[in-house]
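Welcome, and please take a moment to look over the sequence and the model below.

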Amino acid sequence: MVNKATKKRVKRREWTKADIRDLKAYSKARTPVVKIAKLTKRTVGALRQKALHLGIGLGHQR
C-alpha cells in the first residue's frame, strides 16, 4: 500500500495589539495588501478579514 503524502497543517496565530497597530499603520499608508502579507507573514485573505472586522480599508486601490 502506498503512503499518502502528509497534508501540511494550518497553524493559526492570534492577532496581538502590535499586529493590529501595524495593520492600521499600513492601511493609513495605503500599502499594497500583497506587501503587507509578506511583511506580516499572513495571507491576503486573513488580512482582508481582519481589516473588515476592524472597519478599516486595506490596499492602495480603495
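Two rings of Phe, Tyr or Trp (for Trp, its six-membered ring) count as a pair if their centres lie within 6.5 Å; planes under 30 degrees apart are called stacked, over 60 edge-to-face, and the rest tilted. A search of the whole structure with that rule finds zero aromatic pairs. This is a predicted model, in which local features need pLDDT of at least 70, side-chain atom pairs count only at pLDDT 80 or more, and totals for chains, interfaces and linings use all residues. Residues are numbered from 1 along each chain as its sequence is written, and side-chain values use heavy atoms, with hydrogens and water left out.

**Overall layout**

- The protein chain has three helices and zero strands; helices (H or I, at least four residues) and strands (E, at least two) are DSSP runs, numbered from the N terminus.
- Along the sequence, the pattern reads α-α-α.
- Of the 62 residues in the protein chain, 21% are buried; buried means under 20% relative accessible area, exposed over 50%, and partly exposed in between, with a 1.4 Å probe and protein chains only.
- The protein chain exposes about 5800 Å², and carbon and sulfur atoms supply 54% of it; such areas come from the Shrake-Rupley method with a 1.4 Å probe, and for residues only the protein chains shown count as cover.
- Contact means heavy atoms within 4.5 Å. Among contacts between residues at least 6 apart in sequence, 62% join residues at least 24 apart.

**The nonpolar core**

- A nonpolar core is a set of buried Ala, Val, Leu, Ile, Met, Phe, Trp, Tyr and Cys residues joined through side-chain atoms within 4.5 Å.
- Seven residues form the largest nonpolar core: Leu23, Val33, Ile36, Ala37, Leu47, Ala51 and Leu58.
- Helix 2 and helix 3 each supply at least two residues of this core, and helix 2 gives the most, with three residues.
- Not counting residues up to four places away in sequence, Leu58 touches Leu23, Ser27, Val33, Ile36, Leu47, Arg48 and Ala51.

- Which residues of helix 2 are buried? In this helix (residues 33-40), they are Val33, Ile36 and Ala37.
- These three cover an arc of only 105 degrees around the axis, which puts them on the same side of helix 2; the arc is that of the directions from the helix axis to the C-beta atoms.
- An α-helix has 3.6 residues a turn, so residues three or four places apart point the same way.
- On the other side of helix 2, Val34, Lys35 and Lys38 are exposed.
- The buried residues of helix 2 pack against helix 1 (17-28) and helix 3 (44-54).

**Helix 3 and its surroundings**

- Leu47, Lys50 and Ala51 are the buried residues of helix 3.
- Seen down the axis, these buried residues fall within an arc of 100 degrees, so they line one face of helix 3.
- Gln49, Leu52 and His53 are exposed on the other side of helix 3.
- Helix 1 and helix 2 are included in what covers the buried residues of helix 3.
- Is Lys50 buried or exposed? At 18% relative accessibility, Lys50 counts as buried.
- Leaving aside neighbours within four places in sequence, Lys50 is in contact with Trp15, Ile20 and Leu23.
- Lys50 and Ile20 are 30 residues apart in sequence, and their C-alpha atoms are 8.6 Å apart in space.
- Just after helix 3, Gly55 takes a positive phi of about 80 degrees.

**Loops and a charge over a ring**

- Arg30, in the loop between helix 1 and helix 2, has a positive phi near 55 degrees although it is a residue other than glycine. Arg30 counts as partly exposed, at 43% relative accessibility.
- Lys41 is in the loop between helix 2 and helix 3 and has a positive phi of about 60 degrees, although it is not a glycine. Lys41 is exposed, with a relative accessible area of 71%.
- Thr43 also has its place in the loop between helix 2 and helix 3, and is exposed with a relative accessible area of 53%.
- The C-alpha atoms of Thr43 and Val33, ten residues apart along the chain, are separated by 9.3 Å.
- The charged end of Arg42 sits over the ring of Trp15, 3.9 Å from its centre; a charge sits over a ring if NZ of Lys or CZ of Arg is within 6 Å of the ring centre and within 35 degrees of the ring normal.
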